[in-house]
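Have the model open as you read.

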Amino acid sequence: MNQSDWVLVTGGAKRLGREFCLAFARAGWNVVCHFNTSDTEALETQDMLHDLGKNCILIKQDLSTPDAHTHLLDKCASQTGQLPQCIVNNASVFSIDDATSSSAAVLQMHFQTNTVVPLLLANSLALRAKTAEHPAKHFCVIHVLDQKVHNLNPDYFSYTVSKLALERSVALQAQALAPSVRVCGLSPGLSYLSGDQTQDNFDQACKINLLQRQIQTVDIARTAVFMAENQALTGCTLQADNGQHLVPLARDVMFGINPQVGA
Ligand SMILES: NC(=O)c1ccc[n+]([C@@H]2O[C@H](COP(=O)([O-])OP(=O)(O)OC[C@H]3O[C@@H](n4cnc5c(N)ncnc54)[C@H](OP(=O)(O)O)[C@@H]3O)[C@@H](O)[C@H]2O)c1
């Protein structure tokens, strides 16, 4: 990493996305924080990064449209004057369904944002890198996954299938995009309250992992910085989840605590 390097974090305005922005900024990177609807939180994230003395450019882009990845990379390149050295594919749709209630529309919605956009952002970065001003530069793409893909249960069916496809693509893309682009996966465990989950349910569920304590989101974010800066890593996935993926459950962890939640 040198002082002019940029990371693009998708869905970077709040929650884990903001942690990624902060961790990269603390490590000296400039940040392109992509967001869609969280305008206020994006401005807050930008202020936090400016307080750390780093550049932060905000880009608003809905990722649910077919050419979203192209528009996002175009805006990113035109505003920073270069390709991002690293892309953290963090933006994600997470809506509840199961195998029998899933529909084409819900499956496609999850696939577009959670699978298609991350894969095409990585491919476009590799294609543009060939014609970039410094073609010898090395780039890194981090696909943010979920411990669920290593610890299957059928809840959140469409979300899980979309993340499984992305997880299986890590090795394929690492092979296809080498040597200019490294591709890694990062699987967080339960980190934030989601949907109609109660605080009480979350407080219990977040300790269902080998270490029996809540995952520190800053540790997940620092794992992404490590992957971006460690030039030896490609085609691999790290689980930053306090060992949650080694605690099998028949249902999603939030139903393990309180079967009524989200049912
Ligand atoms: N939260 C957890 O406990 C947990 C556990 C395991 C894995 N993960 C993974 O970690 C990552 C971050 O989790 P999170 O809970 O922080 O994510 P999140 O809040 O559910 O979503 C992150 C961002 O994705 C953006 N997004 C969603 N649909 C979009 C669209 N159509 N166009 C553009 N942006 C869109 C949203 O941006 P705007 O708000 O700007 O609209 C949102 O802020 C995700 O990839 C998730 O799968 C999370």
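## H3 against H4

H3 and H4 cross in a right-handed way. This is a predicted model, and in it helix H3 (residues 68-80) packs on helix H4 (residues 104-130) at an angle of about 50°, with the axes 9 Å apart. The pair is therefore oblique.

Who does the touching? On the H3 side you'll find Ala68, His69, Thr70, Leu72 and Leu73, while H4 brings in Val117, Leu120, Leu121, Ser124, Leu125 and Arg128. Sort the residues of this contact by class and you get seven nonpolar, three polar and one charged.

## H1 against H2

Now for the other pair. The axes of H1 (residues 15-26) and helix H2 (residues 39-51) come within 10 Å and cross at roughly 15°. An angle under 35 degrees counts as roughly parallel, so that is the label for H1 and H2. The crossing of H1 past H2 is right-handed.

From H1, the residues Arg18, Cys21, Leu22 and Ala25 meet Thr45, Met48 and Leu49 of H2. The contact of H1 with H2 is made up of five nonpolar residues, one polar and one charged.

## Around the ligand

The ligand has 26 residues around it, and the closest are Gly11, Arg15, Asn36, Leu63 and Ser92. By class, the shell holds eleven nonpolar, eleven polar and four charged residues.

Which helix gives the largest share of that shell? Helix H1 does, with three residues. So keep H1 in view for both topics: H1 packs with H2, and H1 also contributes to the ligand shell.

Definitions and conventions: Residues are numbered from 1 along each chain as its sequence is written. This is a predicted model: local features need pLDDT of at least 70, side-chain atom pairs count only at pLDDT 80 or more; totals for chains, interfaces and linings use all residues. A residue is near a molecule or strand if its C-beta atom, placed from the backbone, lies within 6 Å of it. Helices (H or I, at least four residues) and strands (E, at least two) are DSSP runs, numbered from the N terminus. Ala, Val, Leu, Ile, Met, Phe, Trp, Tyr, Cys and Pro count as nonpolar, Asp, Glu, Lys and Arg as charged, and the others, Gly among them, as polar. Axes are lines fitted to C-alpha atoms, for helices over the stretch in contact, and angles run from 0 to 180 degrees between N-to-C directions. Angles under 35 degrees count as roughly parallel, over 145 as roughly antiparallel, 65 to 115 as roughly perpendicular and the rest as oblique. A crossing is left-handed if the near helix is turned anticlockwise from the far one by less than a right angle, and right-handed if clockwise. Two residues are in contact if their C-beta atoms, placed from the backbone, lie within 7 Å.
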